[in-house]
Amino acid sequence: MAASEKRQSKREALIKAGVEEINKHGITGFSIRRVAETCGVSCAAPAKHFGDRKGFIAAIISYVNSQWHERQREIMDRYSGDLRKEIVELSVGYVQFLVEHPHFRSILMLKDDEFDNSYHKLRGELSSPTQKLVAAYCEKVHMDEATRERKQYVIRALIFGAALMFDNGEMEYCDRMIENVRYNIDREFDLA
């Protein structure tokens, strides 16, 4: 394995361990020392890859974003040209992503005073495509600004609500219930 591949592999291992660290201990309890220990590297290794703690956390959030963006591209390519279908399928895909990757969801839902604007921007990249598609669709069908804001709120509430209900067992995570989520997101665009 080439040196650059080894470095990238170690970097990714640190990021994955960092995801688990945040999942277990939250941002305030995040320990670079524990992450390094989990990966069997010195405490200096994370600093070599990410600089400081904030750089490490930003890299973790960017990693989560890249995982979602990959799946997102597949969905958007599949439904390209049908804006409403893109919104619905992207929203359903986001629910599935959140349910299937609970350790990523914990990072997306972080609320911590330590987070500065760059963290909020990084985290916001995950849901911004859905928001942009909803805005484009509302404009295309001549919905006013208040309606667009309401649609964005309802779609986001459906996404995060469904993910939470699946996760806590309130709804069974199965094809029938995913279809229910799909139906309700699509139906929202038939309502005024």
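Is Glu100 buried, partly exposed or exposed? With a relative accessible area of 41%, Glu100 is partly exposed, where buried means under 20% relative accessible area, exposed over 50%, and partly exposed in between (1.4 Å probe, protein chains only). A word on the basis: this is a predicted model, in which local features need pLDDT of at least 70 and side-chain atom pairs count only at pLDDT 80 or more, while totals for chains, interfaces and linings use all residues. Residues are numbered from 1 along each chain as its sequence is written, and side-chain values use heavy atoms, leaving out hydrogens and water.

The whole structure holds 10 salt bridges, each a side-chain nitrogen of Lys or Arg within 4 Å of a carboxyl oxygen of Asp or Glu. One of them joins Glu100 to Arg71 at 3.3 Å, N to O. That pair links distant parts of the chain, with Glu100 in helix α5 (residues 83-100) and Arg71 in helix α4 (residues 53-78), 29 residues apart. Helices here are DSSP runs (H or I, at least four residues), numbered from the N terminus.

Next, follow Arg84 to Asp190, where the closest N and O atoms of a salt bridge are 2.8 Å apart. Arg84 is buried at 18% relative accessibility, whereas Asp190 is exposed at 56%.

Within helix α10, Arg182 and Glu179 sit 3 residues apart, about one turn of the helix, and their side chains form a salt bridge of 2.9 Å, N to O. Shared partners join Lys85, Glu89, Glu179 and Arg182 into one salt-bridge network.

Finally, visit His142 in the loop between α8 (128-140) and α9 (145-167). Its phi is near 65 degrees, a positive value in a residue other than glycine.

Methods:
Helices (H or I, at least four residues) and strands (E, at least two) are DSSP runs, numbered from the N terminus.
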